[in-house]
Amino acid sequence: MDGDEAQPENGGHGGVRARVGDAPLDAGQQLRIRATHRGFTYQHLYAVGCLLRLRDAGAQALLVERDEDLEVVLPGRHLYLQVKTRQSGVLVWSDIRDAVDAYLTEIRPEHDAGRRSGTPALIVATNARPGRDLLADTRKTDWPGDVRLLHPGGPPGLDAWLPHPAADLDGMLEWCTAEAARVPFPSLRPQTLVEKLAARVQYASTGARGQAFVVEELPRLFEQFVEELRALPEVPDAYRPQQASLQLISNERVRLVVGYSGAGKTTWASYAAQQCPLPVTYCDVSEGMSGDALAESLARELAARHLSNPAEAGLPHGSSAEVLRAVHLRLTRAGVTVVVVIDNAHRLPVDAIRMVVDAQPSASLVLLAQPRLDQAVLEAHLGITAQALLGWSVDTIAEVFEADGCRTDYPTAQRVGAITGSLPLYVGQAARLTRSDYGGDAAAFCAAYEQRTHATATAQELILEAAFSSLDTTATTLAGLLALAEVPLTRDELQRLAAVAGLESPPVNARALRILVGHGLTQSVIDGHLKLHDAARHLALSYVDELDDDVADRLRHGLCELLEGHGAPDRLSRWMRLLGATGQIEQLISLTEREAFFERGYPRELRAVLVDTANAPDGDAALRFDAHNALSIWTFRDRDLAHLSSHVQAMEELLRVGHPDFGPRESTLLACRRIRMHAMTGDLAELHRTFTEAQARLASPSRYEGTLRFEYAAAVWDAGEYEGAMKLAWDAAREFMRQIGLEEDDLAASVDELSVRWTSHDSPDDFKRLADCFDLIVGAHRKLESMQFGMWAMWAMKFYEVSRAPRSAINSGQDVADVLRLQDPQGALGLLDQLLQAAENNGLPDMVIGIRSQRAEVLARLGDVSGAREEIALLSRYELTSAQELDLQYQSRLIEEITNDLRNPFGRG
């Protein structure tokens with residue numbers, strides 16, 4: 001078996017990696033690994049198909065990973081099966097040359113000499129059709145008669161009982177599931193049987209079970225599956241895996257999986273047991289159960305299930321621990337390795353858990369538990385670190401809501417994840433409440449929950465209220481402070497906030513913090529920062545509400561001081577919202593003057609503050625002018641001409657009234673807004689007149705010259721004059737380069753080198769405006785249906801990175817990827833992975849759909865057609881904007897065109 005060949009790697013995007021987010025270090029290796037796993041999984045499913053038909057074929061055994069991928073021993077015959085998968089859909093001679101040569105020169109001579117019994121044959125089972133040349137070769141008279149190809153659409157051959165290969169993994173799984181439905185075990189679901197058999201094939205491939213499955217032993221194996229899974233809670237028909245889902249077996253002998261009720265621990269264990277190659281024994285610790293009772297019950301269960309010899313199955317005399325230890329030794333002597341799952345392990349004292357673990361020194365144990373105060377003690381005694389299930393991904397949350405008839409967009413699905421901690425029980429109830437109480441409007445549910453105005457109590461609240469009820473005032477206040485912060489804090493920062501709230505004793509606060517950790521309410525993140533569990537945030541905020549208004553106000557101001565000056569996106573976002581909440585309007589307005597203000601996902605939350613400031617009749621004219629200016633930018637981006645016009649009129653009136661601080665800056669800003677407004681109305685004569693008059697008013701040279709020139713170029717672009725806009729944008733770029741002190745050769749400098757100049761320049765925003773010029777040239781090329789914009793896109797991306805403008809940097813990065821995908825799809829994939837991470841890191845969920853759809857098309861270019869189609873199907877579950885729908889349709893068409901090209905029958909085969 002082997003997967004597709006890897007594509008060559010490409011580097012050279014270190015500048016993006018420096019500031020636009022982490023990604024897999026080797027995207028090419030990631031593709032190779034995926035292809036390898038797909039190939040092995042296909043092989044294992046094909047083996048399962050053989051197992052399900054062995055008895056009907058009259059076969060004696062199936063061997064795995066010996067001289068060939070699979071071997072079938074039949075009376076008087078020996079079949080050697082090579083399983084080949086090709087994403088391209090075409091099989092060529094070089095794909096099978098080594099297997100055929102090995103069969104003809106090594107394997108067949110062994111049978112001819114009588115050293116191996118039975119008549120041999122080599123069968124290549126493949127998901128791809130033979131290429132033209134290979135097909136012609138198989139029809140020649142000198143083609144070996146005992147070497148056959150089995151492929152989709154081809155004849156079944158002499159051994160018609162063999163599974164007919166499907167074109168992809170899904171097809172192979174469907175075929176096996178349909179075949180498994182014929183097995184007479186009604187309590188064993190067909191897909192569960194397929195998954196268990198595939199896991200056993202994988203396990204046997206490592207050398208276990210002699211790498212063989214004997215036909216007479218299969219019924220007993222099926223019965224064992226039934227007994228194992230009967231004891232486990234039933235897995236829902238629509239089970240949805242969690243993010244980075246754990247397996248029951250790992251390198252650690254003992255694992256502790258911790259999570260609140262509703263985290264899906266038991267369901268995960270039941271599902272993971274279906275894929276586990278080892279026998280699984282499940283035990284649920286009931287309330288009040290002692291360690292001795294658990295040990296005795298476990299010993300009886302293990303003996304009854306896994307010791308087939310009646311003499312061995314009897315229990316010896318002794319203490320419960322001794323009995324469990326004796327049964328474990330018998331299992332070890334019999335060569336039986338088991339996985340023991342102990343659910344609700346938090347109900348047992350630490351000593352009892354240690355006793356059960358020590359009595360089974362070679363078994364794999366998985367302890368499922370809720371958070372406990374002495375969890376650190378248990379971890380220390382067992383020498384392990386607790387693990388947590390990560391909850392559902394944003395895609396899965398969208399799928400759950402869609403299943404309940406409530407489609408949601410990506411940002412809202414992400415919001416639901418933040419509210420619920422992505423825990424399955426909580427997400428499921430959120431979807432049901434959205435349908436029943438909010439007419440299917442997920443955003444309305446989120447708003448009500450965040451404002452704590454929802455009418456129906458949730459399981460999430462009831463579970464967490466029980467946890468909070470056992471906390472003292474110090475602990476609940478600290479939880480409230482972490483909830484108020486919204487971002488992770490250092491212990492010192494938390495102590496400073498606590499002091500404002502009247503909690504001035506560090507030792508007392510430290511003890512309360514340990515209690516919060518023990519209850520699983522706080523989590524330690526990178527660099528020792530602490531955060532409240534997402535699911536607990538809204539309940540914890542209620543404890544802040546109970547504080548005096550004066551204390552609450554001082555807390556917000558104190559938090560504002562803590563966060564000021566931090567460049568991390570989450571801290572910057574929270575700080576800016578606190579500026580509005582604490583009435584620090586002047587400082588907030590000053591931020592809107594920065595070019596990067598509109599780059600992130602958070603400013604829209606501040607819109608109401610700016611509207612109030614702009615419309616305050618007795619407010620400072622300069623503040624009102626800047627507020628209208630910021631709002632005019634928003635309305636222009638929203639293509640809202642009516643509101644844009646009203647803001648421009650207000651700016652004109654304020655400028656006419658005058659203010660001591662008004663000067664060239666304000667008149668230039670007004671001219672820029674009027675220019676854009678005239679472009680939207682199509683009044684080109686007024687557009688040109690406004691620019692000419694504004695330019696004439698500026699002194700020469702002026703620091704505002706470049707800004708005016710760019711706005712003029714952009715307005716000309718808006719008006720559809722793309723050739724002219726391209727020239728004007730380059731003129732504006734040269735003006736900014738003059739102001740910055742850059743020569744054309746400097747455009748090749750690295751991000752780090754340019755960042756040094758950015759930090760020392762007296763007007764850093766000029767770097768952002770220079771990037772805007774390059775980006776406008778890219779846009780003009782696109783409108784003119786030209787792809788000759790790679791250099792401009794690279795420059796734009798670089799200067800956006802330098803000026804800390806993540807949204808624009810990502811947009812330009814997508815332009816770069818669009819050029820790269822044609823000559824270097826591997827490099828394009830690596831870049832898109834970085835951009836996707838950057839969108840997540842910078843709080844730009846609205847950009848994720850576009851990046852992922854573009855990435856899907858690149859996957860298809862790299863041969864991963866099934867992965868590309870799967871990604872498009874996932875994205876289609878979201879509530880999409882019209883632009884996103886058009887983009888998905890476009891990328892889907894490209895993927896199908898690429899697929900047809902990959903299957904071009906005229907290539908050499």
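1. In this predicted model, helix 36 (residues 806-823) packs against helix 37 (residues 825-841) at an angle of about 160 degrees, and their axes lie 7 Å apart. Angles over 145 degrees count as roughly antiparallel, and helix 36 and helix 37 are therefore roughly antiparallel to each other. The crossing of helix 36 past helix 37 is left-handed.

2. Which residues make this contact? From helix 36 come Ala-809, Ile-810, Gly-813, Gln-814, Val-816, Ala-817, Leu-820, Arg-821 and Gln-823. They meet Pro-825, Gly-827, Ala-828, Leu-831, Leu-832, Leu-835, Ala-838 and Ala-839 of helix 37. By class, the contact of helix 36 with helix 37 has 12 nonpolar, four polar and one charged residues.

3. Six strands make up an open sheet with mixed pairing, in the order 7-5-3-2-1-8. Its edges are strand 7 (147-150) and strand 8 (212-214), each of which pairs on one side only. On average, and with direction ignored, neighbouring strands of the sheet are turned by 20 degrees against each other.

4. Within the sheet, strand 1 (residues 61-64) pairs with strand 2 (residues 70-74) in the antiparallel sense, over four bridges.

5. What lies across strand 3, strand 5 and strand 7? Helix 3 (residues 93-112) does, with strand 3 spanning 77-84 and strand 5 spanning 119-126. Helix 3 runs at about 165 degrees to strand 5.

Terms used. Residues are numbered from 1 along each chain as its sequence is written. This is a predicted model: local features need pLDDT of at least 70, side-chain atom pairs count only at pLDDT 80 or more; totals for chains, interfaces and linings use all residues. Side-chain values use heavy atoms; hydrogens and water are left out. Two strands pair if DSSP finds at least two bridges between them. Helices (H or I, at least four residues) and strands (E, at least two) are DSSP runs, numbered from the N terminus. Axes are lines fitted to C-alpha atoms, for helices over the stretch in contact, and angles run from 0 to 180 degrees between N-to-C directions. Contact means heavy atoms within 4.5 Å. Angles under 35 degrees count as roughly parallel, over 145 as roughly antiparallel, 65 to 115 as roughly perpendicular and the rest as oblique. A crossing is left-handed if the near helix is turned anticlockwise from the far one by less than a right angle, and right-handed if clockwise. Ala, Val, Leu, Ile, Met, Phe, Trp, Tyr, Cys and Pro count as nonpolar, Asp, Glu, Lys and Arg as charged, and the others, Gly among them, as polar.
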